[in-house]
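We will go from stop to stop, and at each one you will get something to select and something to look for.

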Amino acid sequence: MSAAALVDRRQIPTAPRVVVKVGSSSLTGADGRLAPERLRALVEVLAERRQGGGQVVLVSSGAIATGIGPLGLHQRPRDLATQQAAASVGQGLLVAYYTQAFAEHGLRVGQVLLTADDTMRRGQYRNAQRALDRLLDLGVVPIVNENDTVATDEIRFGDNDRLAALVSHLVHADALTLLTDVDGLYTGPPGRPGSTRIPLVRGPGDLEGVDVTARGSAVGTGGMVTKLESVAIATASGIPVVLTSAAQARAALAGEDVGTWFAATGRRASTRLLWLAHAARTRGRLVLDDGAVRAVVERRMSLLPAGVTAVEGDFEAGDPVEIADAAGTVVARGLVAYSAQEAPDLLGKTTSQLRADLGPGYDRVLVHRDDLVLVRRKR
């Protein structure tokens, strides 16, 4: 795998490892049910890539859509229990379709189902990383999907956009390709007169004035806003993104000028910091005085108990917490070294005071700078 981010879409054909995400709307017909011919067309493109020596991870939506027909449903269910039932029936069928389609090209697939919790708990995140790396080493094409059957929150097909960005970093991908039902990012809704395709986005500044408020399709409810959020996660961590339609997947992977190329805007961060920034569900909050905010944000220092004015939530040592200023604005996230029961007794005290009052072991920092990631403030 390359050590540096791709700087041009023409490098995609030789990129060692790519993640491809396909949405439900790209795999279904007008009736909202799985269209096997669309799935086979995509598999043909990915198989060519794999047979050419490149590794591919496929993040695929479509479990609920695949389960609609067998359950005799007329449309995508709205209640969570029926969505889970459809996902349970559909997921096995979806993977069976993929297994057969890839087998026709002499390739094997492996199913990897992830829940939000798998990306929020560091141990599970690392386990997923090892499993995916081993599958790729064995020549298998991993088929990743959210585990909709056991999801506790409202199931949204668009969630897989964010999942794809996290998986891209997790497997150290060289590029992420998002396949949707439009052929790229436009200056406005694609059907609006005067809207034009944006071939290149160098950074957030290129998106000023772009109208992306249109919602997603009936079966894929992610919409362009969700896709741009996933793009931001990937590009900020050093992974460029191509956004285009499934019909142009072959051209996109060949490096042709289709869709929209989003250049990497940041450097590859450690997996732990990306997990902390984008995937971790925080368990509480630490409120800082102005001096501590400056130390953490401007001087990138560890957070000492002396600068903390309040503790909120219920957390244990090692849990992720928000770090906020006096006005409540979150400025960082970090892994706290004390529990919510211990932390209040430490506030406002220096490490030397803590050592004298509580003994050795209580003079460590509240959040170490290696376990802390800054949060970009929204404009």
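**Getting your bearings**

Start by colouring the whole protein by pLDDT, the predictor's confidence in each residue, from 0 to 100. The protein averages a pLDDT of 87, and 89% of the residues score at least 70. Now select residues 154-158: pLDDT is below 50 there, and this stretch has 23 contacts in the model beyond near neighbours in sequence. Select residues 216-221 as well, where pLDDT is also below 50 and the contacts beyond near neighbours number 16. A contact here means heavy atoms within 4.5 Å. Where pLDDT is low, the predicted coordinates should not be read in detail.

Two notes on how to read this tour. This is a predicted model, in which local features need pLDDT of at least 70 and side-chain atom pairs count only at pLDDT 80 or more, while totals for chains, interfaces and linings use all residues. Residues are numbered from 1 along each chain as its sequence is written, and side-chain values use heavy atoms, with hydrogens and water left out.

Next, switch to a cartoon view. The secondary structure comes to 11 helices and 13 strands; helices (H or I, at least four residues) and strands (E, at least two) are DSSP runs, numbered from the N terminus. Of the 379 residues in the protein, 51% are buried. Buried means under 20% relative accessible area, exposed means over 50%, and partly exposed is in between (1.4 Å probe, protein chains only). Among contacts between residues at least 6 apart in sequence, 73% join residues at least 24 apart.

**Stop 1: a pair of strands**

Select 17-22 and 55-60. These are β1 and β2, which pair in the parallel sense over six bridges; strands count as paired if DSSP finds at least two bridges between them. Click on Arg 17 and look across to β2, where its bridge partner is Gln 55.

Now show the side chains of β2. In a regular strand the side chains alternate between the two faces of the sheet. Gln 55, Val 57 and Val 59 point one way, while Val 56, Leu 58 and Ser 60 point the other way. Are these residues buried or exposed? On both sides, all are buried.

**Stop 2: the largest nonpolar core**

Select Val 19, Val 144, Val 167, Val 171, Leu 176, Leu 185 and Phe 262. In the largest nonpolar core, which has 42 residues, these touch the most other members. A nonpolar core is a set of buried Ala, Val, Leu, Ile, Met, Phe, Trp, Tyr and Cys residues joined through side-chain atoms within 4.5 Å. Elements that each supply at least two residues of this core include β2, β3 (109-114), α6 (159-170) and α7. The largest share, six residues, comes from α6.

Zoom in on Leu 176. Leaving aside neighbours within four places in sequence, Leu 176 is in contact with residues including Val 19, Ala 164, Ala 234 and Val 242. Apart from this core lies another, of 34 residues, among them Ala 15, Val 141, Ala 251 and Trp 261.

**Stop 3: helix α7**

Select 223-236. How far apart are the end C-alpha atoms of α7? They are 20 Å apart, which agrees with the 20 Å that its 14 residues should span at 1.5 Å a residue; the expected span is 1.5 Å times one less than the number of residues. In α7, 10 of the 14 residues are buried, among them Met 224, Leu 228 and Ile 233.

Pick Thr 235, which lies in this helix. Thr 235 is buried, with a relative accessible area of 6%, and its contacts beyond four places in sequence include Pro 240, Phe 262 and Gly 266. Just after α7, Gly 238 takes a positive phi of about 90°.

**Stop 4**

- Select His 172, in the loop between α6 and β5. Its phi is near 60°, a positive value in a residue other than glycine, and His 172 is partly exposed at 36%.
- Select Arg 300, in the loop between α10 and β10. Arg 300 also is not a glycine, yet has a positive phi of about 55°; this residue is exposed at 54%.
- Select Glu 342, in the loop between β12 and α11. A polar atom of its side chain lies 3.1 Å from the backbone nitrogen of Ser 339, and Glu 342 is partly exposed at 27%.

Conventions: Polar contact = N/O pair within 3.5 Å; in protein donor to acceptor, adjacent residues only side chain to side chain.
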